Amino acid sequence: MLEGSIVDYFTAQSNLDSSTAAARHLIEQLLAHSAAAPTLLMLYFSERYEADLLRRALRQAFPDTPLVGCSSCQAVRTALPGEVPVALAAIYDPQGAYGVAGGSSGEGDVRRWLRQAMAACGRPGELPQMVLLHTTPGGEEALLAELDEELGGAVPVIGGSAGDDTLSGQWRLCWQQQTLTEGSVLAVFYPDCELVFQFHAGYRPTGHSAIVTRAEGREVINLDERPAAEVYGEWVGQVWPEGPVLHETTFFPLARHAGEMYGMPCFKLSHPESVTARHGVRLFTDIHEGERLVLMQGSETGVLERSLLAARIEPAYGMPEKLHPIGALIIFCAGYRYALAGRVDEIIGHYNERLGGVPYLIPFTFGEQGRMPQGELVHGNLMISSVIFCRGA
């Protein structure tokens, strides 16, 4: 971070019914906060709003400001009390640079969008300090592999898959140029401040595991040569009929081992979505034959305690000993939100205390992206991916 950094992080929110009125309300708050245009806008909204109307209004008010937007499951949270259907974070960073690009799957690939975003903010060929990635559900692993190949494994990435209210495909993405029903948007960050990252899940492994012996895409068909739903049902003591099981399986996800940290195993989680007609288990992540799946177990208290790590500041080697948060983006799994139900307000209280009352946003997503301790860039479920913007001492 440069001495004398003047980065400002501000959030605005609205609960007005119409998309047009809500957009106007957000813009009024931004104009009241600063006469300067934001350097970057990060917008999150429920499916009740028309993403294109929000995008167009914000672009008209701030034509030179890059925008990244993603739908959230049912609501968004901020440091203020109560849920809201739409909120945004504005970064004011005159010494920094931020670029956004995106498109549908048929319009290009994530490598091209990364290069476009870097060029858009005048940093072509320069590795960013962070990439924020939002996709619509499906194919996240392939996108991450391409992104990591382009970045060389050296850049932190946080992200989340767009959510809707009922898993009916009403999710949306947007950036300053377009609104998407499927595809990806990404933002590159070259901020004049320090960034602290966290990527966590609140579950522990059980003694149950099996090899995936047949799989197609995101469906585990057989475990140890037996129907996957039968094996999974025996593990959790439940007979699983064909159909959705998302809410019932929140405390019993499946996982793959992803190395160790401080002598403790780390896992990337997969949330069972449904039982299929052939007694398979469909997940929210890709799965491959030959992988070993471990049954994980969690509790409301354990998940709550682990979720608080998203607001922990642990400077990496070479960073200032004392960092002061100025704002945060906490990408929170929608499954976590359902599991914790009435305790979300408790989490907000802890975040406010740990972050010192600075503004932050919490969208609820259908999959989370981040780096594991060994550097692997993964797409997981029932996880929290966060970045805290900080000033040095």
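Biologist: Where is glutamine 74 found?
Modeller: Glutamine 74 is in the loop between β3 (67–71) and β4 (76–78). Strands here are DSSP runs of E, at least two residues long, while helices are runs of H or I with at least four, all numbered from the N terminus. By the way, this is a predicted model, where local features need pLDDT of at least 70 and side-chain atom pairs need 80 or more, though totals for chains, interfaces and linings use all residues. Residues are numbered from 1 along each chain as its sequence is written, and side-chain values use heavy atoms, without hydrogens or water.

Biologist: Why is glutamine 74 called partly exposed?
Modeller: Buried means under 20% relative accessible area, exposed means over 50%, and partly exposed is in between (1.4 Å probe, protein chains only). Glutamine 74 has 34% relative accessibility, so it counts as partly exposed.

Biologist: What makes the phi of glutamine 74 worth a look?
Modeller: Most residues other than glycine have a negative phi. Glutamine 74 isn't a glycine, yet its phi is positive, near 70 degrees. Aspartate 224 also has a positive phi without being a glycine, at about 50 degrees. You'll find aspartate 224 in the loop between β14 (219–223) and β15 (226–227). Its 43% relative accessibility makes aspartate 224 partly exposed.

Biologist: What makes a set of residues a nonpolar core?
Modeller: They must be buried Ala, Val, Leu, Ile, Met, Phe, Trp, Tyr or Cys residues, joined through side-chain atoms within 4.5 Å. The largest one here has 95 residues, with Met42, Leu132, Phe189, Leu329, Phe332 and Tyr351 having the most contacts inside it. Strand β22 (residues 323–333) gives this core the most, 8 residues. Another core, of 21 residues, lies apart from it and includes Ala22 and Leu41.

Biologist: Which residues does phenylalanine 189 touch?
Modeller: Beyond its neighbours within four places in sequence, phenylalanine 189 contacts Leu40, Met42, Tyr98 and Phe389, among them. Tyrosine 98 also stands opposite phenylalanine 189 in β11.

Biologist: What makes β6 and β11 partners?
Modeller: Two strands pair if DSSP finds at least two bridges between them. β6 and strand β11 (residues 184–190) are joined by 7 bridges, so they pass, and they run antiparallel. They belong to an open sheet of 6 strands, ordered β6-β11-β7-β8-β24-β25, with mixed pairing.

Biologist: Why are β6 and β25 called edges?
Modeller: β6 (97–103) and β25 (377–380) each have a single partner strand, so one side of each has no neighbour in the sheet.

Biologist: At what angle do the axes of helix α1 and helix α2 cross?
Modeller: The axes are lines fitted to C-alpha atoms, for helices over the stretch in contact, and angles run from 0 to 180 degrees between N-to-C directions. For α1 (residues 19–33) and α2 (residues 51–61), the axes cross at roughly 35 degrees and come within 9 Å. Ala23 and Ile27 of α1 and Leu54 and Leu58 of α2 are among the residues making the contact.

Note on methods:
Contact = heavy atoms within 4.5 Å.
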